[in-house]
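I begin with the surroundings of the ligand and then turn to the sheets and the backbone.

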Amino acid sequence: MREINVSEVTEAVKKMCIDANYALSDDMKKALESARSEEVSELGKQIFAQLEENLAIAASDQIPICQDTGMAVFFFKIGQDVHFTGGDLNQAINEGVKQGYTEGYLRKSVVGDPLIRVNTKDNTPAVVHYEIVPGDKVTITCAPKGFGSENMSRVFMLKPADGEEGVKEAVLRAVKDAGPNACPPMVVGVGIGGTFEKCAEMAKEALTRPVGSHSDKEHIRAMEEELLDRINKTGIGPAGLGGRMTALAVNINSYATHIAGLPVAVNICCHVNRHVTVTL
Amino acid sequence: MNKEIQAPISAEVAKELNAGDMVYISGTIYTARDAAHKRMDEALSEGKELPIDVKGNLIYYMGPSPAREGRPIGSAGPTTASRMDKYAPKLLDLGLGGMIGKGKRSKEVSDAIVRNGSVYFAAIGGAGALLSKAIVESEVIAYDDLGTEAIRKLKVEKFPAIVVIDSKGNNLYETADKLYNKEKE
Ligand code: SF4
């Protein structure tokens, strides 16, 4: 049994919220650079140049990459031999979010009730997904999510007979409906299988997989590649102003499902696809 | 075409703008997003005055991140415009000069733009750090309690934007993707 004081979690969460909003991960930066060289539209190329400049200014002048610094989403993979001490883990996470968003000059974009809609003024509460895994480590991924792209995400409860083609159509439908609203070039996270909520969670987690990595299942990998190719033929382009590079990646996670169903979730993310992972 | 324009915007200048033009806006603009639009709409329904005179003015759909000491503003890129579609036609009919945001607009908004000789610009979504460099002054002038959603008066210098819907009703989002669409090949 390993003991971890929850104050360590607060510190880590605070730092991750800040880091994620001021710099993209290396895989995202590389993907943007190579997309710039593949873009065919002149305006599109200019937009890529602006996005690169934007990242440089964010780092040098300490201005968040995007003003929508997101709702703070976390994936906690907790080793089953870990014992948290010193307080309530959920409170510790929210304390980290509060400190990170306040001290990091990040925007407070959360309302405490979806209908009464009063801003909580510290960007809490976070959305936290927990998973228990073997071992005595805790791996935390922080993925602040902007809502321009979140609002364009979809869940489709397809029928088994819809098959692979049905899944591809669903993903393409979601991407085309999103268009300029989702700040393309997008990263498209897809969850296939499981249940209604499981596929949505998989789609979200797929966004945190490095851009350029692929599913280790052969048929899923083929679908990732085909969908990226087809999305980049829609012509939506950077900022939705026409061009080739509509998406940087399609990341698909899949899971077992019921004999009667084929759930598919499409979680659209913009080019500000933020994720930071640390292990305690 | 690249053009430099002043804000507030005159009807003559708005008429000269065409979908696809790259513009650099200098002058005074106002921010308002979801919550501020809801309040302005309620004020109008109750017959009260708006906190800003919309005539000829540009509204930027934007809620910034907090400014660091000594800076006018934090990150300051556009938010999705369609959420303001419900409110925009009324403001356009009152003389609103134009809107800056990102993403598609409804037919009602497009019709109101044509009817009033107005314009819809897109700024590059997700380039909030870069766009903040074109904002030289910022002051909250109404609805302070809304935090990031308050109405701000901004002084901008060469703020970059692209004309998406012009006063003739041309819509860049509806034509640009077709030029590059290769799905049938
Ligand atoms: S969709 Fe992404 S890039 Fe666009 S405004 Fe929202 S967080 Fe920023």
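1. Sorted by class, the shell around the ligand in this predicted model holds 4 nonpolar, 5 polar and 3 charged residues. From chain A the shell takes C66(A), Q67(A), D68(A), G146(A), G148(A), S149(A), C183(A), C270(A), V272(A) and R274(A), while K102(B) and G126(B) come from chain B.

2. One open sheet of chain A is built from 4 strands in the order β4-β2-β5-β10, with mixed pairing. The edges are taken by β4 (127-133) and β10 (276-279) of chain A, each of which has a single partner strand, so that one side of each is left without a neighbour in the sheet. Neighbouring strands here are turned against each other by 15° on average, with direction ignored. Strand β5 (residues 138-142) of chain A runs antiparallel to β10(A), to which it is joined by 4 bridges, and T139(A) has T279(A) in β10(A) as its bridge partner.

3. Another open sheet of chain A, again described by its strand order, consists of 4 strands arranged as β6-β9-β7-β8, and its pairing is mixed. Because β6 (154-158) and β8 (247-257) of chain A stand at the edges with a single partner strand each, one side of each lacks a neighbour in the sheet. From one strand to the next, the twist averages 15°. Inside this order, β7 (residues 186-194) and β9 (residues 262-269) of chain A pair in the antiparallel sense over 6 bridges, with I192(A) standing opposite V264(A) in β9(A).

4. Some backbone details deserve a separate look, given that most residues other than glycine have a negative phi and most peptide bonds are trans. The peptide bond from T124(A) to P125(A) is cis, with omega near 0°, and P125(A) belongs to the loop between α4 (89-103) and β4 of chain A. In chain B, a cis peptide bond with omega of about 0° joins A7(B) and P8(B), where P8(B) lies in the loop between β1 (2-7) and α1 (11-16) of chain B.

5. Which value does phi take in Q62(A)? Phi of Q62(A) is near 55°, which is positive although the residue is other than glycine; Q62(A) is placed in the loop between α3 (42-61) and β2 (73-79) of chain A.

Key: Residues are numbered from 1 along each chain as its sequence is written. Chains are lettered from A and ligands numbered from 1 in the order in which they are written. This is a predicted model: local features need pLDDT of at least 70, side-chain atom pairs count only at pLDDT 80 or more; totals for chains, interfaces and linings use all residues. Side-chain values use heavy atoms; hydrogens and water are left out. A residue is near a molecule or strand if one of its heavy atoms lies within 4 Å of it. Ala, Val, Leu, Ile, Met, Phe, Trp, Tyr, Cys and Pro count as nonpolar, Asp, Glu, Lys and Arg as charged, and the others, Gly among them, as polar. Two strands pair if DSSP finds at least two bridges between them. Helices (H or I, at least four residues) and strands (E, at least two) are DSSP runs, numbered from the N terminus. Axes are lines fitted to C-alpha atoms, for helices over the stretch in contact, and angles run from 0 to 180 degrees between N-to-C directions.
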